[in-house]
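Q: Please take a close look at one part of this model, the packing of its helices. Please then relate that packing to the surrounding secondary structure in one connected account.

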Amino acid sequence: MINIFGYTMVQLTDLMIKLKLPKFRASQLANWIYQRAAVSFDDMNNLPKDMRQMLKEVCVIHRAASVDQLDSSDGRTSKFLLEFSDGVAVETVLMRQPYGNSICVSSQAGCNMGCAFCASTIHGMTRNLTAGEMLAQTFYINELLKKEGQKVDTIVIMGSGEPLTNYDNVLSYIRLLHEDYCLGMSYRSITLSTSGIVPNIYKLAQEGIPVNLSISLHAPENELRSELMPINKHYPLDTVIKAGRDYGEATHRRVTYEYILIAEVNDSIKQAKELAELLKGQLASVNLIPINPVTERNWQRPSLDRINAFESYLNKKHIPVTVRREMGNDIQAACGQLRNKHI
Ligand code: SF4
């Protein structure tokens, strides 16, 4: 059985040809799957009965089922553990922001990048997710929001996994989000977050899809960055910063550098100064993320004074900076923690 959830119009048309059905049926099928969120061929009452029967014999529409959910006490953040048909589960987060509903989507089940502060990598990577599985996360939350007369407004591909090592599936997912027959989202409302897979940052810049790029930096010098993010040994800081700069120039999109603030590790004024020096003259902003204490590691969140001092220094150097304020701390918003509990 093939799962056609996540199929593009081209793939659906190929399927029609293979089944010796008229090609125009592909757009009817897409309409049912993506616009009307059908999961059963029996519901597709404008398709002939024998076609529905034929489809039932060769394919399925599998999305994702929630196996766990945690809601923050302020009601603004919900984290879902969503399971696919083979039993693999990933986390997806809904954040109700003042500017709209944002979701954080996983691109792999687990992750093998080994970042020292991240719970998603503790059990390694189980497998890449398909475009359909990333879309299924999006649909799960979009369907929930629809009941409240709302929708998913922005997407960050920042859950478990390194999206640029699952390049083709992630690109198919992004293109599907944009298609009118699917969710019709603007590329500008989508952000891809990478640990800095330099060759694929260049590849992405050439795709002609102006998605926002977010690069995890977390340290302003190589020795510490390699300790926090082993990928830095392959793609050191200067190559990552240059790739970010080139991406900004090619796409005219501002690049955001993510910087997790860890007490006494990377939160000094000296490090803020080094960071400002690195980003000087670049169309970039910094997102400071005071770390959520990770039960499996011994990192602490800096004091408010230190967070404010780091932020002020960057502001003084005219580097746009935001601080991710506490959100969903009470539901363990750091990626991977709910899945780990489940494993
Ligand atoms: S921070 Fe991202 S890239 Fe690093 S281990 Fe976690 S999920 Fe993987």
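**Helix packing and its setting**

A: In this predicted model, Ile-269, Ala-272, Lys-273 and Ala-276 of α9 are in contact with Ala-309, Phe-310, Tyr-313 and Leu-314 of α10. By class, this contact comprises seven nonpolar residues and one charged residue, with no polar residue. Helix α9 covers residues 269–279 and helix α10 residues 304–316; their axes lie 9 Å apart and form an angle of about 30 degrees. The two helices are therefore roughly parallel to each other, as angles under 35 degrees are counted in that class. The crossing of α9 with α10 is right-handed.

On the α6 side the contact involves Val-198, Ile-201, Tyr-202 and Ala-205, and on the α8 side Thr-239, Val-240, Ala-243, Asp-246, Tyr-247, Ala-250 and Thr-251. Eight residues of this contact are nonpolar, two are polar and one is charged.

Helix α4 contributes Ala-131, Met-134, Leu-135 and Thr-138 to the contact, while α5 contributes Asn-169, Ser-172, Tyr-173, Leu-176 and Leu-177. Six nonpolar and three polar residues make up the contact of α4 with α5, and none is charged.

Spanning residues 131–146, α4 lies across β3, β4 (77–83), β5, β6 and β9 (154–157), and runs at about 40 degrees to β5. These strands belong to an open sheet of ten strands, ordered β3-β4-β5-β6-β9-β10-β11-β12-β13-β14, with mixed pairing. Strands β3 (65–71) and β14 (321–323) form the edges, each pairing on one side only. From one strand to the next, the twist averages 20 degrees.

Strands of a sheet pair through backbone hydrogen bonds, in either a parallel or an antiparallel sense. Strand β5 (residues 89–97) pairs with strand β6 (residues 100–104) in the antiparallel sense over five bridges. A hairpin connects β5 to β6 through two residues. Along this pairing, Arg-96 has Asn-101 of β6 as its bridge partner, and Leu-94 stands opposite Ile-103 in β6. Strand β6 also pairs with β9, here in the parallel sense over three bridges, and Ser-102 is placed opposite Thr-154 of β9.

Eleven residues surround the ligand, the closest being Cys-111, Met-113, Cys-115, Cys-118 and Thr-121. Five residues of this shell are nonpolar, five are polar and one is charged.

Methods:
Residues numbered from 1 in each chain as written. Predicted model: local features only at pLDDT ≥ 70, side-chain atom pairs only at ≥ 80, totals over all residues. Near = placed C-beta within 6 Å. Nonpolar A, V, L, I, M, F, W, Y, C, P; charged D, E, K, R; others polar. Pairing = 2+ DSSP bridges. Helix = DSSP H or I, 4+ residues; strand = E, 2+ residues; numbered from the N terminus. Axes fitted to C-alpha atoms, helices over the stretch in contact; angles between N-to-C directions. Contact = placed C-beta atoms within 7 Å. Parallel < 35°, antiparallel > 145°, perpendicular 65-115°, else oblique. Left-handed = near helix turned anticlockwise from the far one by under 90°.
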